[in-house]
Amino acid sequence: MEYEDLRKQVVDAGLKMYQKGLTHGTSGNISCRVPQKEKMLITPSNISYEQIQEKDIMLVNFAGEAEETGRNPSSETPFHLMIYKNRKDIGGIVHSHSVYALAVASSRKTVPVFLDEMFSEIGGELEVSDYALPGSDELASNILTKLGDKNALLLANHGTVCCGKDLEEAFWVAETVEKICRIFVMSSLLGGVHPLPDEGVEYQRMMYEMRKDL
Ligand SMILES: [Zn+2]
């Protein structure tokens, strides 16, 4: 079996996503880029995260073809491929259906920059992509347009897309997104968040650009 180490990372991230309550049942999916190849590894559809093994992780090339049989790659394969093809800096993607993120995604509200880590983890405000059917090419193209050069995005009435240079970073972003949305929802009960003042946003933007260039 090729890429055993990467497959293990995908299996572990899926289990962690499930155990930490960032998704439920078989929803959501996880992928990682195969370095130096136009290929990715992605979780299969219709199997619980507690049952997925390394052999169930599907190898898919950038033409969208599964390079092995046995399982079906996740139905959300199109948007994972679209991101890897267009964002060379991304090596791992976590697509979660976490509760507070879904609350914000369903209200279709942009979360303004109100915490420092929104720049360090996400790259700015947390936006919501336009609605399109799950698994569709339209959803993939909506995601790419709205994601820009950021690391995270909410999908209208659906879930999140959280990216990183590797799966570890993508998972960290997914946890941060859920935390940010939780605070955003709770603050709305108290009258809503106050965004960082302009100088605070500028400072965070500067720090973010500096870190990116390192
Ligand atoms: Zn989904």
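Me: Which residues are buried in helix H3 (residues 99-107)?

Reply: This is a predicted model, in which local features need pLDDT of at least 70 and side-chain atom pairs count only at pLDDT 80 or more, while totals for chains, interfaces and linings use all residues. Residues are numbered from 1 along each chain as its sequence is written. A residue is buried if 20 or more other C-beta atoms lie within 10 Å of its own, exposed if 12 or fewer, and partly exposed in between, with C-beta atoms placed from the backbone. Helices (H or I, at least four residues) and strands (E, at least two) are DSSP runs, numbered from the N terminus. In H3, the buried residues are Ala101, Val104 and Ala105. Seen down the axis of H3, these residues fall within an arc of 100 degrees, so they line one face of the helix; the arc is that of the directions from the helix axis to the C-beta atoms.

Me: What covers the buried residues of H3?

Reply: The cover is read from contacts, two residues being in contact if their C-beta atoms, placed from the backbone, lie within 7 Å. For H3 the cover includes strand E5 (128-129), strand E6 (152-155), strand E7 (159-164) and helix H6 (167-189). Alanine 101, in helix H3, is buried, with 29 other C-beta atoms within 10 Å. Leaving aside neighbours within four places in sequence, alanine 101 is in contact with Ser96, Leu154, Gly159, Thr160, Val177, Glu178 and Cys181.

Me: Which residues are buried in H5, and which exposed residues does the face turned away from them carry?

Reply: An α-helix has 3.6 residues a turn, so residues three or four places apart point the same way. In H5 (residues 137-147), Leu139, Ala140, Asn142, Ile143 and Leu147 are buried. Viewed down the axis of H5, they fall within an arc of 165 degrees, so they line one face of the helix. The face turned away from that buried side carries the exposed residues Asp137 and Thr145. The buried residues of H5 pack against H2, E5, E6 and E7.

Me: At roughly what angle do the axes of H2 and H5 cross?

Reply: Axes are lines fitted to C-alpha atoms, for helices over the stretch in contact, and angles run from 0 to 180 degrees between N-to-C directions. The axes of helix H2 (residues 77-86) and H5 come within 8 Å and cross at roughly 40 degrees. The crossing of H2 and H5 is right-handed; a crossing is left-handed if the near helix is turned anticlockwise from the far one by less than a right angle, and right-handed if clockwise. Pro78, Phe79, Met82, Ile83 and Asn86 of H2 meet Asp137, Leu139, Ala140, Ile143 and Leu144 of H5. By class, this contact has eight nonpolar, one polar and one charged residues. Here Ala, Val, Leu, Ile, Met, Phe, Trp, Tyr, Cys and Pro count as nonpolar, Asp, Glu, Lys and Arg as charged, and the others, Gly among them, as polar.

Me: In what order do the strands form the open sheet?

Reply: Strands of a sheet pair through backbone hydrogen bonds, either parallel or antiparallel. Two strands pair if DSSP finds at least two bridges between them. Seven strands form an open sheet in the order E3-E2-E1-E4-E7-E6-E5, with mixed pairing. The edge strands, each pairing on one side only, are strand E3 (58-61) and E5. E5 pairs with E6 in the parallel sense over two bridges, and valine 128 stands opposite leucine 154 in E6. H6 packs on the sheet, touching E1, E4, E6 and E7, and its direction makes about 140 degrees with that of E7.

Me: Which residues of strand E4 (residues 92-95) point one way, and which the other?

Reply: In a regular strand the side chains alternate between the two faces of the sheet. Gly92 and Val94 point one way from E4 and Ile93 and His95 the other way, all of them buried. E4 pairs with strand E1 (residues 29-33) in the antiparallel sense over four bridges, the bridge partner of isoleucine 30 being valine 94. Three bridges also join E4 to E7, again antiparallel, and isoleucine 93 stands opposite cysteine 163 in E7.

Me: Where is arginine 108 found?

Reply: Most residues other than glycine have a negative phi, and most peptide bonds are trans. Arginine 108 lies in the loop between H3 and helix H4 (117-122), and its phi is positive, near 55 degrees. This arginine 108 is partly exposed, with 14 other C-beta atoms within 10 Å. Asparagine 157, in the loop between E6 and E7, has a positive phi of about 55 degrees although it is not a glycine. Asparagine 157 is exposed, with 12 other C-beta atoms within 10 Å.
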